[in-house]
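Colleague: I'm new to reading models like this one. Please pick a single part, stay with it, and walk me through what surrounds it.

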Amino acid sequence: LLLLAGPTASGKSALALALAGHCQGVIINADSMQVYAELPILSAQPTAEDFNLTPHALYGHCPAERPYSVACWREEALACLAKAQEQGQPAIVTGGTGLYFQALIQGLSPVPAIPEDVRAGVRQLQAHGTATLANALQAEDPAMAARLRPSDTQRLARALEVMRATGKSLLWWQAQPGTPLQRPFQTVLLMPPREELYARINTRLAYMARCGAVEEAAAFPASALEYPAAKTLGLLEFRAFAEGALPFEIAFAAAQQKSRNYAKRQITWFRGQMGTDAICPDENSALQKALCWL
């Protein structure tokens, strides 16, 4: 089991493909945006050719309007890992979502499943606006409300669901220990120099625009704009261009800046949470470290 992490546009997917080809392994997605079916270009999912070259899992399998969480991902990822282990197949978990890696390694707090009637009641509140949701959480779970941004619809809804379903704050559940990963693994952090990474981001965005990212953004369902999938880098900017709200140059520059800001946050998180010992500044050093493990 190899965990291959790093910021957006660092070259993880190409490296994972090379490694999987070398060891006849399976690649398991650990990027929270690459799970969505509607966004193969903007989320930089592997191509059809990549899928034909080696087995991939958890890419593009989730509709944008389906509630999908880190708990959903961990359950599916563990099932994929178990299947690979049964088949004697090396597994490469790769992506840029730090929370996914953390959940896989450390486990998650055992929050019970939310009954559908509770979830439906929270959705009704959400339909009246985020402020209504925030006010309800403030009244029922002020400690958790103080931890969240009043505009963070997804987390507000989750916290309110947990409080109503269990009678305990999400804070209490988060303090309960999870079950850590029960098998050996190696972590590789692919972290190119900052300026090189920013240049890659610019190049990839331009490539996406040529390959249909604008059309993909325009076709993204309006009903899903309140869901996490809408956080995909470049989606709102290219959509604004497609709708005539922004000139392409301004939309493209805004997508570049948002991508750079996101990459900076990823770098900070990975350094702080996964340690500097795993950092590799280029593909060659990452390849050598990974091959020594696989």
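Modeller: Let's begin with I28, which stands opposite A57 in strand β3. On the β4 side, the bridge partner of I28 is V93.

Two notes before we go on. The model is predicted, so local features need pLDDT of at least 70 and side-chain atom pairs count only at pLDDT 80 or more, while totals for chains, interfaces and linings use all residues. Residues are numbered from 1 along each chain as its sequence is written, and side-chain values use heavy atoms, with hydrogens and water left out.

Now the partners. Two strands count as a pair if DSSP finds at least two bridges between them. From β2 the chain crosses through helix α2 (residues 48-53) to β3, and this β-α-β crossover is right-handed. The term means that, with the strands pointing away from you, the path from the first strand over the helix to the second runs clockwise.

Zoom out for a moment: the open sheet has six strands in the order β3-β2-β4-β1-β5-β6, with parallel pairing. Its edge strands are β3 (56-57) and β6 (279-280), each pairing on one side only.

Which way do the side chains of β2 point? V26 and I28 point one way, I27 and N29 the other way, and all are buried. In a regular strand the side chains alternate between the two faces of the sheet. Buried means under 20% relative accessible area, exposed means over 50%, and partly exposed is in between, using a 1.4 Å probe and protein chains only.

T94 counts as buried because its relative accessibility is 3%. Leaving aside neighbours within four places in sequence, T94 is in contact (heavy atoms within 4.5 Å) with residues including I27, I28 and N29. L4, K12, Y59 and F101 are also among the contacts of T94. The C-alpha atoms of T94 and S13 are separated by 7.3 Å, although the two residues are 81 apart along the chain. Helix α4 (residues 98-106) lies across β1 (2-5) and β4 (91-95), running at about 160° to β1. That angle is taken between N-to-C directions on a scale from 0 to 180 degrees, with axes fitted to C-alpha atoms, for helices over the stretch in contact.

Finally, look at two loops. A44 is found in the loop between β2 and α2, and its phi is near 60°, a positive value in a residue other than glycine. Most residues other than glycine have a negative phi, and most peptide bonds are trans. L58 is in the loop between β3 and α3 (70-86), and its phi is positive too, near 70°. L58 is buried, since its relative accessible area is 11%.

Note on methods. Helices (H or I, at least four residues) and strands (E, at least two) are DSSP runs, numbered from the N terminus.
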